[in-house]
Amino acid sequence: MTQFSDASPIFEREEVLREEYRPDDLPERTDEMEDLHMSLAPAARGVGANNVFLHGKAGQGKTATAKAKLAQLQKHAEEESDHLNLTTAYVSCESHDLSTTYKAASRIYQELTGESRPTGYATDVVMDMMFEAMNEIGGTIIIVLDEIDTLGDDDRILYSLPRARAQDYVEDHVFPSVIGISNDLQWRDNLSPKVKSSLYDDSVLFSPYDANQLRQILRRRAAEAFREAKLTPATEAASDGTPAEGTIVEIDQSGQEYLFQSGVLSENVIPLIAALSAQDTGDARQAIKYLRKAGELADKQGDDRVGAEHAREAQDLVEREAVVEAMREMTTQAHLALAALTALELSGDAPVRAKPIYGVYKTVASQIDAEKLGQRRFKDHLRELDMQGIANGEKVAAGSIGGPAWEYQLQVDTGIAVEVLKNTARFEEINFEYISIDRPSM
């Protein structure tokens, strides 16, 4: 007998809580939507959109805002405008590892034409192919470059795209522009002056959500995702005799009040998750993931309601998953630092100062035939582990030459650290239980 079921006692539409879901309405980003609207408005008048930079921390609605506003512009082009010929192309630079102008241009070409990405050509040829595709399409062409900072120092395409008309890369009937999206608040400052001046006519900052905004976002999602959950305008609830059991919430910036009711969510779950996320990053994506995981935990445990205990367990689980993912994505040198600290943790020597860790690091580096960094550069990787929450560094006393001394210990379970490292090809043969070295005195 199968253990699967086509229905959940907790969820009605759990896909609403997944990362790929894009809401049509973003009332907490009204001001940012209006700013982006003003940048795109010239396109509706037939003169091309402004280039615009959307920046802010992850999970602040930048991509959702861009897609929602472009959908509105597309609808205007199709239903209300006789002269706006609009083409949009969304390109995720990080997902497709678009770290060079060549890669970015070939991906844009693919998005515009539907053909395979060109390979084996010089960068100039691929750029020409991209612009020729624009000439064939014609009209207003808006390129969204999400995670634009992935391009790093190779900024040629960022200079060429906004200046395509001025440099005669495209014909007079083509109006290309760029929407750049970045989580790196400092990246734009490092661009060359010529790129900075040509790429961004406008800039929109997305500040972190506060707890009240996160509560509103979560209640809208919960009303669709969970069984026996709904949002009803307060005036309608009063007029149709709906019982006043529920939470009165202001769900949009117009002041409209709604009654939020749920048969499976305890009253304190959404306020708790909103507070946890607001105190951490103000990240709506994180808060929604907490809510989904809390529901999954209640479902898994056979509980008929999602409570605060599920929310807190969900937070721990999500944070653990994030740390594991961060460990998997680290460089070889960072993995070596993690391996050395893990070995010392397993031997009972942690907390431990940087010098003994460096001794183990050199031994492991020899075993996997990796370059050995100097002690100063090695310490940078220990600090990286500390910043990512994988290790904890604590200043304990003056060092041997008068500077501060630090002790480190793992913040994650040693079993998880060993599992991640063992799944990394170069470390799979390492015996972390005992690494044969003459350790310096502790």
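**Figure 1. Pairing of strands β1 and β5 in the predicted model.** In this predicted model, strand β1 (residues 52-56) and β5 run parallel and are joined by 5 bridges. Leu54 has Val204 of β5 as its bridge partner. Strand β5 covers residues 202-206 and is an edge strand, pairing on one side only.

**Figure 2. The open sheet.** The sheet consists of 5 strands in the order β2-β3-β4-β1-β5, and its pairing is parallel. From one strand to the next, the twist averages 15°. Strands of a sheet pair through backbone hydrogen bonds, in either a parallel or an antiparallel sense.

**Figure 3. Strand β3 and its two partners.** Strands β2 and β3 run parallel and are joined by 7 bridges; in this pair, Ala89 stands opposite Ile143 of β3. The pairing of β3 with β4 is also in the parallel sense and extends over 8 bridges. Here Asp146 has Ile181 of β4 as its bridge partner. Strand β3 is largely enclosed by the rest of the structure, because 8 of its 8 residues are buried.

**Figure 4. Helices α2 and α4 across the sheet.** Helix α2 (residues 62-79) lies across β1, β2, β3 (139-146), β4 (174-182) and β5. The angle between α2 and β2 is about 165°. Helix α4 (residues 123-137) lies across β2, β3 and β4 and runs at about 140° to β3.

**Figure 5. Packing of helices α9 and α10.** Two packed helices are described by the angle and the distance between their axes. For α9 (residues 269-280) and α10 (residues 284-300), the axes come within 9 Å and cross at roughly 145°. This crossing of α9 and α10 is right-handed. Helix α9 contributes Val269, Ile273, Leu276, Ser277 and Asp280 to the contact, and α10 contributes Gln286, Ala287, Tyr290 and Leu291. By class, the residues of this contact are 6 nonpolar, 2 polar and 1 charged.

**Figure 6. Packing of helices α10 and α11.** The axes of α10 and α11 are 8 Å apart, and the helices pack at an angle of about 115°. The crossing of α10 and α11 is right-handed. On the α10 side, the contact is made by Lys289, Tyr290, Lys293, Ala294, Leu297 and Ala298. On the α11 side, the residues in contact include His310, Ala311, Glu313, Ala314, Leu317 and Val318. The contact of α10 with α11 comprises 8 nonpolar, 2 polar and 5 charged residues.

**Figure 7. Surroundings of Phe427.** With its neighbours within four places in sequence left aside, Phe427 is in contact with Thr332, His335, Leu336, Ala339, Val364, Ile368, Leu421, Lys422 and Phe432.

Note on methods:
Residues numbered from 1 in each chain as written. Predicted model: local features only at pLDDT ≥ 70, side-chain atom pairs only at ≥ 80, totals over all residues. Heavy atoms only, no water. Pairing = 2+ DSSP bridges. Helix = DSSP H or I, 4+ residues; strand = E, 2+ residues; numbered from the N terminus. Axes fitted to C-alpha atoms, helices over the stretch in contact; angles between N-to-C directions. Contact = heavy atoms within 4.5 Å. Left-handed = near helix turned anticlockwise from the far one by under 90°. Nonpolar A, V, L, I, M, F, W, Y, C, P; charged D, E, K, R; others polar. Buried < 20%, exposed > 50% of the residue type's maximum accessible area, 1.4 Å probe, protein only.
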